[in-house]
Amino acid sequence: MEKTDYIIVGSGLAGITLAHQLKQAGYKIKVISEPSLSKSSRVAAGIFNPVVFFRITKSYLADLALPFAIDFYTQIESLLSISILQKRSIAKFFGAPDEPILWMKRMEEGVGSYLSEINSQYTESITLNAKHSMGMVHKAGAVDCGTYLDASVHYFGNDFIREKIDYKKISLVPEGVIYKDIEARKMIFCEGHFISDNPFFNYIQLKPVKGEVLTIEFEQDFPEGSENFLLNKKCYLLPLGQRKYRVGATYNWKDLNEEVSEVGLAELTAHIKEITPIPFKVLVHDAGVRPASTDRRPIIGTHREHEQLAVFNGLGAKGVMLAPYFAKELVLHLTQKKVPHKEYGAARYNR
Ligand SMILES: Cc1cc2nc3c(=O)[nH]c(=O)nc-3n(C[C@H](O)[C@H](O)[C@H](O)COP(=O)(O)OP(=O)(O)OC[C@H]3O[C@@H](n4cnc5c(N)ncnc54)[C@H](O)[C@@H]3O)c2cc1C
C-alpha cells in the first residue's frame, strides 16, 4: 500500500492548482484524473477580469482573489520554467446607450480602481471601427491554461495517475481513505461538472453552462499597438500574436454537451464583426462545460458525513482568477481546520 497525504481527483484548474498548493505546503499528493473527460479548463480562453460587464460590478472577491492569482501564476512560471501570464487592459466597447452612463456611475463607486475614463475618439485606432465609444478595464489579462496544465502534469511525474476514478473502489477507513493500492488522509474531488456522477457528492447540484470558443486569424493587421489590449464587445478577442486571436465565449444552459455547434460559431462570428470589419478565418473551434454553481460562488469544504472526503468545485466562468485563492482557502481548511465562509463553504449544501 502506497501512503500519501491527499488524493486529488481531477486535473482541471481546480485540481492542479490545489495540488500545487498542497505540495508547496509540504504535503504528499497524488492526482488521479482522466483529462479527456472534461475539456473546460483546456479550452478556456484564460481571461481574468475584475469587472463583470453585465451590470459593471466588481467580480466576486476580486480585490483579494486577483492579486493572489497574479502572485500564484508568477510563482508557477518560475517553478515550471514556462510563460503563461499576460497582463493586459481590456478595451471595452459599449453597446447599449445606457452603458457609458452606468460606467461613469461605477467609476465613482467601488469598481473605480479598475475602470478608466470613457474615450470615444480612440476606438478606430484599435479596431478600425469608428462607431464605438469605450472604456478600459485595468489589472486584467489572461493565463495560457493549456500550457499551465500540461507543464504541471509533467512536473507531478509519477504523482499524476491517468485514469477515470472508479468510485466503487473507494473505501473509507477511520484513518482516511483507500483507493486501490493508495492510502491517504483525505480524497478531494475536483471533477468540474462531472460531480453529478460522484455518488458521494451528487447532493451538490450545479448549474453547468456550456461555452464555445474560437481561434481565428485576421486577414490584415490591426492598427499598431492594438495587440496590447484584450478587446470586448459581447465577446472577448485575446491577441495571440501574428494576427491570431482567441475569441470567447458563448453561454448555453440547455445544450450541455462538449460538442461544437453551428449556432455557437454563428454567434461568435456575429460578435467579432461588431468589433472590427477586418475579415478573418476560423482555425480552431472548441467547446466545454463550465462547472457553475446555482449561487455563482465556488464550493470548498468537507463532505456532510464523511470527513475523509472534500470538494473543490463551482468555479464557473472565473476559474483562472478564483482557483488560486480558493485553493489556498481549502488548504487552510484541510490542514488547519479553518471553516470556509458560509458564502462558499460546501456546508451550504448540507440541508
Ligand atoms: C468555452 C469556455 C471558455 C472559458 N473561458 C474562461 C476564461 O476566459 N477565464 C476563466 O477564468 N474561465 C473560463 N472558463 C471557465 C473555466 O474553464 C472553469 O472555471 C474551469 O475549467 C473549472 O475548472 P475545474 O477544474 O473545476 O473543472 P474541469 O476543468 O472540468 O476539470 C475537471 C477535471 O476532472 C476530470 N474528471 C472528471 N470526472 C472524472 C473522473 N470520474 N475520473 C477522473 N477524472 C475525472 C476531468 O477530466 C478534468 O480533468 C471557460 C470555460 C469554457 C467552457
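**Reading a ligand site and its aromatic pairs**

Mentor: In this predicted model, a polar backbone atom of Gly46 lies 3.0 Å from an oxygen atom of the ligand. A polar backbone atom of Val320 is 2.9 Å from an oxygen atom of the ligand, and a backbone N or O atom of Ala45 is 3.3 Å from a ligand nitrogen atom.

Trainee: How much of the ligand does the protein bury?

Mentor: The ligand exposes 1000 Å² when taken alone, and the protein buries 97% of that area.

Trainee: How many residues surround the ligand, and which are the closest?

Mentor: The ligand is surrounded by 38 residues, the closest being Glu34, Ser38, Ser41, Ile47 and Gly316. By class, the shell has 18 nonpolar, 13 polar and seven charged residues. Domain 1 and domain 2 each supply at least three residues to this shell.

Trainee: How is a pair of aromatic rings described?

Mentor: One gives the distance of the centres and the angle of the planes. The structure holds 20 aromatic pairs. In one of them, the ring centres of Phe72 and Tyr73 are 5.4 Å apart with planes at 75°, so the pair is edge-to-face.

Trainee: Why is the pair of Phe72 and Tyr148 edge-to-face?

Mentor: Its planes stand at 85°, with the centres 6.3 Å apart, and planes over 60 degrees apart count as edge-to-face. This pair links distant parts of the chain, since Phe72 belongs to helix α3 and Tyr148 to helix α6, 76 residues apart.

Trainee: Is Phe72 buried or exposed?

Mentor: Phe72 is buried, because its relative accessible area is 4% and the cut-off is under 20%. Tyr148, at 0%, also counts as buried.

Terms used: Residues are numbered from 1 along each chain as its sequence is written. This is a predicted model: local features need pLDDT of at least 70, side-chain atom pairs count only at pLDDT 80 or more; totals for chains, interfaces and linings use all residues. Side-chain values use heavy atoms; hydrogens and water are left out. A residue is near a molecule or strand if one of its heavy atoms lies within 4 Å of it. A polar contact is a pair of N or O atoms within 3.5 Å; within protein, one must be able to donate a hydrogen and the other to accept it, and residues adjacent in sequence count only if both atoms are side-chain atoms. Accessible areas come from the Shrake-Rupley method with a 1.4 Å probe; for residues, only the protein chains shown count as cover. Ala, Val, Leu, Ile, Met, Phe, Trp, Tyr, Cys and Pro count as nonpolar, Asp, Glu, Lys and Arg as charged, and the others, Gly among them, as polar. Domain bounds come from an automatic or database domain assignment. Rings of Phe, Tyr and Trp (its six-membered ring) pair if their centres lie within 6.5 Å; planes under 30 degrees apart count as stacked, over 60 as edge-to-face and the rest as tilted. Buried means under 20% relative accessible area, exposed over 50%, partly exposed in between (1.4 Å probe, protein chains only). Helices (H or I, at least four residues) and strands (E, at least two) are DSSP runs, numbered from the N terminus.
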